[in-house]
Structure formats: structure tokens, C-alpha cells
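Here's a walk through one protein model, going from its overall layout down to a few single residues. Have the viewer open and follow along.

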Amino acid sequence: MNRQDKYLLGLDIGGSSIKFGYGCCPKSLQYFGKVELQHKSLSYMQQACSQILSIVDSQVGLSAIRAIGIGTCGTIDSRSGLIVGVNPNLKFWVNLPPSAILPPGLKLPVAWDNDANLMCLAEATLSCPQGKVLGITVGSGIGCGYVQGGEVYHGAHGYAMELGHVTAVYQGLPCNCGRRGCVEAYASLEGIKRRMVRELGLEENLDLASMLRHRHSDPRLERLIREGEEHLSLGVANLIVTLDPNLVVFGGGLMDAGLYAIADLRRRIRELLPELNSAQVKVEQAKEGNKAGVLGAMILAGQMIKTESE
Ligand SMILES: [Zn+2]
């Protein structure tokens with residue numbers, strides 16, 4: 001096989017599953033799939049990864065893979081390459097490099113980054129390649145990334161763009177990170193659920209579909225969700241004033257499920273922006289849906305081998 005024909009493999013590690021896909025380039029994703037994590041532990045993640053590699057091997061042969069990109073929840077220290085801080089959705093998944101899920105003997109170049117950074121990289125590369133793009137993922141937590149000139153912005157240590165842990169309310173509600181009043185404590189699924197239980201006395205194990213149905217008959221729940229939307233919009237508007245992006249994209253499972261409508265977020269954000277910013281910035285729903293993390297991981301893998309060959 002010609003070297004140029006070889007595939008890039010993207011893995012997207014989430015709290016409950018690992019999504020994966022491969023293709024020659026992100027515009028030609030040849031296969032996309034998902035393996036559920038039976039339990040939240042490193043050994044189960046490694047097993048899921050072995051299962052993924054077997055699937056790829058049976059389809060195209062592992063020798064056809066040129067490089068692997070991994071996206072993961074959690075903050076990654078850019079100096080050590082390790083996941084650091086608190087990782088509330090996968091608590092054991094810290095002080096390790098994301099490549100720890102791969103079998104030790106696998107001799108392939110591997111690159112990794114935070115999942116929201118990679119979602120933003122995919123949306124920027126495929127929709128606005130020359131632009132400055134802010135990407136927000138709405139799910140169990142709130143993720144955020146910023147891409148300019150096709151490169152993810154990491155800050156000095158890899159800790160940049162943590163919109164979920166920007167303070168929305170001084171000494172407000174407790175957040176999973178151990179601090180108080182973060183955007184995530186109000187706008188994420190976990191945050192809204194916690195408020196639902198503590199403030200409204202609703203049951204803890206209400207699933208997302210039931211919660212979304214219940215909001216229409218319970219104005220108190222609708223109010224909590226609208227407050228989440230307000231805090232998220234305010235955080236994003238402040239980032240727009242700070243960064244002056246061309247495009248803001250909202251993705252993640254809860255956007256797909258309809259927790260927040262893109263038209264409502266766009267209207268609120270525009271209300272909060274100075275006219276100059278409001279006239280220029282586009283606010284859109286992410287186009288690549290649940291594949292964005294995998295596509296971003298493939299793009300990152302492609303960037304790494306391009307840099308290595310230069
Ligand atoms: Zn926090």
C-alpha cells in the first residue's frame with residue numbers, strides 16, 4: 001500500500017464509551033463506530049481499545065494505520081502530556097497519558113488532546129479553515145476549545161479555555177472541580193440534575209429523555225434549564241469579546257438532544273455583545289455531530305505526522 005493511502009485512526013474517549021473511526025483524511029471517514037465502557041476503570045478502557053483495534057485489524061489491517069489520534073475528557077498538561085486535575089466523569093483517568101489505553105507493543109505514532117479541543121479542531125478545519133473558531137461542548141460537563149490558523153490554542157500549560165470552570169456566580173453552587181459558582185455547576189447536565197434534586201426534590205435517576213419531557217410540565221425545571229442557558233450564554237459572550245472569533249460552534253450530546261436550542265443561545269449571546277462583535281460573529285450548531293471528536297483526533301494525528309516528516 002502506498003504510504004499516502006494509509007489511514008488515520010481517531011479515538012474519542014468519553015465517560016461511557018469510546019467512539020472511533022478511520023479514513024485517509026477527515027473528509028473521507030471510512031468507518032465510524034462506538035464501544036461502550038462496561039465499567040469505569042483503566043482495564044475496561046484498555047479492553048475496549050483492544051476491541052477497537054481488532055475491529056480495525058479485521059477490516060483494513062492494523063498495518064494500514066499510519067497514526068493514531070486520541071481525544072479525551074479531562075485537562076492535559078502540555079509539558080508532561082498527562083491528564084491532570086479533577087476528571088469528574090472518569091475519576092481514575094488522571095496522572096496518565098491518554099496513550100495508556102493502547103497495548104504496550106503497538107508501534108505507531110500517537111497524539112492526543114482534550115476532546116472539546118478536538119471537536120473545535122474538526123469544526124474549524126471542515127467549516128472555517130482560515131478562521132478563528134470557538135467550540136463549546138455541552139454534555140455531562142461543559143467543554144471548550146479555541147482554534148486559530150488550524151491549531152488548537154492551549155495556553156502556557158495546556159489549561160486554557162476551561163469555560164466550564166469560569167466563575168459564573170461569586171460563591172455560588174458547588175462544582176465537581178471543588179470550587180463554587182462555575183458555569184458547569186449551572187449549565188451542564190450534571191449541574192442541572194444536581195439542582196433538580198436539591199432545589200426541586202425531583203428524583204436523581206431521571207434520565208435525560210424524561211427530564212426533557214418533564215420540563216414542559218414543570219415551570220421550575222424549565223427555569224433551572226433557562227438559568228443554565230443564561231450562564232452559558234454569558235460565559236460565551238465574554239469569551240467572544242475577549243477572543244473576537246469568526247465562528248462559535250455549540251456541540252455535544254445535550255445540544256443534539258435539544259437541551260438548549262441554538263436559536264435561543266444565539267439570541268441571548270447577541271443581546272450580551274457589543275454591536276461590533278454581534279455584527280461579525282456567527283453562532284452555529286456543530287455540523288459534525290457525535291463524529292466531531294473522532295474527526296478532530298484524526299486531524300491531530302495527521303498534523304503530527306506532517307510535522308514529523310518536515
Ligand atoms: Zn468548576
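Predicted model: local features only at pLDDT ≥ 70, side-chain atom pairs only at ≥ 80, totals over all residues.

The C-alpha centres of domain 1 and domain 2 lie 25 Å apart. The domain assignment gives residues 3-119 plus 290-309 to domain 1 and 129-288 to domain 2; such bounds come from an automatic or database domain assignment. Where the domains meet, 19 residues of domain 1 and 20 residues of domain 2 take part in the contact, with two residues counted as in contact if their C-beta atoms, placed from the backbone, lie within 7 Å.

On the domain 1 side, β5 (75-76), β7 (110-114), α2 (115-127) and α10 each bring at least two residues to the part that touches domain 2. Helices (H or I, at least four residues) and strands (E, at least two) are DSSP runs, numbered from the N terminus. The largest share of that side, four residues, is from α2.

Residues are numbered from 1 along each chain as its sequence is written.

**Helix α10**

Now for α10, residues 292-309. Its 18 residues should span 26 Å at 1.5 Å a residue, and the end C-alpha atoms are 26 Å apart, so the two agree; the expected span is 1.5 Å times one less than the number of residues. Buried residues of α10 include A292, L295, M298 and G302. Buried means 20 or more other C-beta atoms within 10 Å of a residue's own, exposed means 12 or fewer, and partly exposed is in between, with C-beta atoms placed from the backbone.

M161 counts as buried because it has 24 C-beta neighbours inside 10 Å, whereas Q171 is exposed, with 8.

In helix α3 (residues 183-187) you'll find A185, which is buried, with 28 other C-beta atoms within 10 Å. Leaving aside neighbours within four places in sequence, A185 is in contact with G172, L173, P174, C175 and G191.
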